[in-house]
Amino acid sequence: MKLLKTLFIALVLVGTTNLAYASPVDTYEFQDEVTKIRFQALTKELRCPKCQNQNLADSNSPIAADLRREVYNLLEQNKADSEIVDFMVDRYGEFVLYRPKVNSMTYVLWFGPAILILFGVVVVIFVVRKKQQQVNETQTLSAEQKDQLKDILNNK
Amino acid sequence: MNKLIRFIPLILCVALGVVLYRGLFLNPQELPSALIGKKVPEFQLTKLLDETSIITSADLVGKVVLVNVWATWCPTCKYEHPYLLDISKDERVVLYGLNYKDDRQAAQQWLQHYKDPYVFSIFDEEGTLGLDLGVYGAPETFVIDHYGVIRKRFAGAIDTRVWQREFVPLITQLEAERAKGI
């Protein structure tokens, strides 16, 4: 049992070290800590156009390396984050944003879930109310029904 | 009415199923280009076969222009090459190459070996024009109209079927637009 446990731990460790090697390592020198953090944030937020389920920071593809270099160069030119994002969108389209901008094309994406939840809540309230009404209706007896009930009980 | 309501979940499920099933056959690599309807970006690069002659965006204006992004490191470009040779004989279009992030010597050898379908190739070693065009791989082909506006980006290899389906209708349309404009 103990052997199995150590074996399992060893396997997990091997797995995680491999994961650490999977990310590309660039050797960029930044002017200061803030720029470095901005670089990391931007490359996380921008999607690689070739390997579509990875962001620029994670991707090993040549185009991702190019775009990382471009982000770095733009940062070196003291561009604002929004300018860098616009630069990418101008060339690769809204697609490169992992957090798409709010506009008429993305309303469904942004507000769809909230609207669906709202709709669900309304439906639940509606159904519960209706059920309660039905219960109340069956519980109150009309005068005629009360008389009938009395008759039945008295006859016994 | 109540009976109908009971079927709503089923209908929704089937509808969702249809949407997701269709999604299986979409090609996620087919991205809309951000440059459709925009002018060709400004650039200044040399010809692949002549280091001293400089090409700018103005050189790509006048006819219906195809710019084919290619490189010697790209296997699909090799597949596409014979079709490009066919297209180069088509008089309705002018075919230019954009040699993308490549080695000049290797690219020149490639053209000698496989024949040169392009009127000329632009040599973009750093991929700067490629970046401005939003190129993310090769091959890609851009269609530019008579006025220097990008009208289409096609990512992937061109063959006879793709040419007939994706390009011929657009070229006909561009020629009609041109005729109307005059």
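Where in α5(B) does a kink of about 40 degrees lie?

This is a predicted model, in which local features need pLDDT of at least 70 and side-chain atom pairs count only at pLDDT 80 or more, while totals for chains, interfaces and linings use all residues. Residues are numbered from 1 along each chain as its sequence is written, and chains are lettered from A and ligands numbered from 1 in the order in which they are written.

**Exercise 1. Locate the kink in α5(B) and describe the helix.**

Step 1. The kink lies at B:Phe167, shortly before the proline B:Pro169. The bend at a residue is the angle between axes fitted to the seven residues ending there and the seven starting there.

Step 2. Helix α5 of chain B covers residues 160–181. Helices (H or I, at least four residues) and strands (E, at least two) are DSSP runs, numbered from the N terminus.

Step 3. From first C-alpha to last, α5 of chain B reaches 30 Å, close to the expected 32 Å. The expected span is 1.5 Å times one less than the number of residues.

Step 4. Of the 22 residues in α5(B), two are buried, so the helix is hardly covered. A residue is buried if 20 or more other C-beta atoms, placed from the backbone, lie within 10 Å of its own, exposed if 12 or fewer, and partly exposed in between.

**Exercise 2. Decide whether B:Leu60 is buried or exposed, and list what it touches.**

Step 1. B:Leu60 sits in the loop between β2 (54–56) and β3 (64–70) of chain B.

Step 2. B:Leu60 is buried because it has 20 C-beta neighbours inside 10 Å.

Step 3. Leaving out residues up to four places away in sequence, B:Leu60 touches B:Val40, B:Val65, B:Val67, B:Tyr96, B:Ile144 and B:Gly148. Contact requires C-beta atoms, placed from the backbone, within 7 Å.

**Exercise 3. Judge whether chain B is spread out or compact.**

Step 1. Chain B has five helices and seven strands.

Step 2. The radius of gyration of chain B is 21 Å, well over the 16 Å from the globule rule for 182 residues, so the chain is more spread out than a compact globule. The radius is taken over C-alpha atoms, and the rule is 2.2 Å times the number of residues to the power 0.38.

Step 3. Along the principal axes, the C-alpha atoms of chain B fill a box of roughly 80 × 45 × 30 Å.

**Exercise 4. Find the cis peptide bond at B:Pro139.**

Step 1. The bond joins B:Ala138 and B:Pro139, with omega about -5 degrees.

Step 2. B:Pro139 is in the loop between α4 (128–133) and β6 (140–144) of chain B.

Terms used
Two residues are in contact if their C-beta atoms, placed from the backbone, lie within 7 Å.
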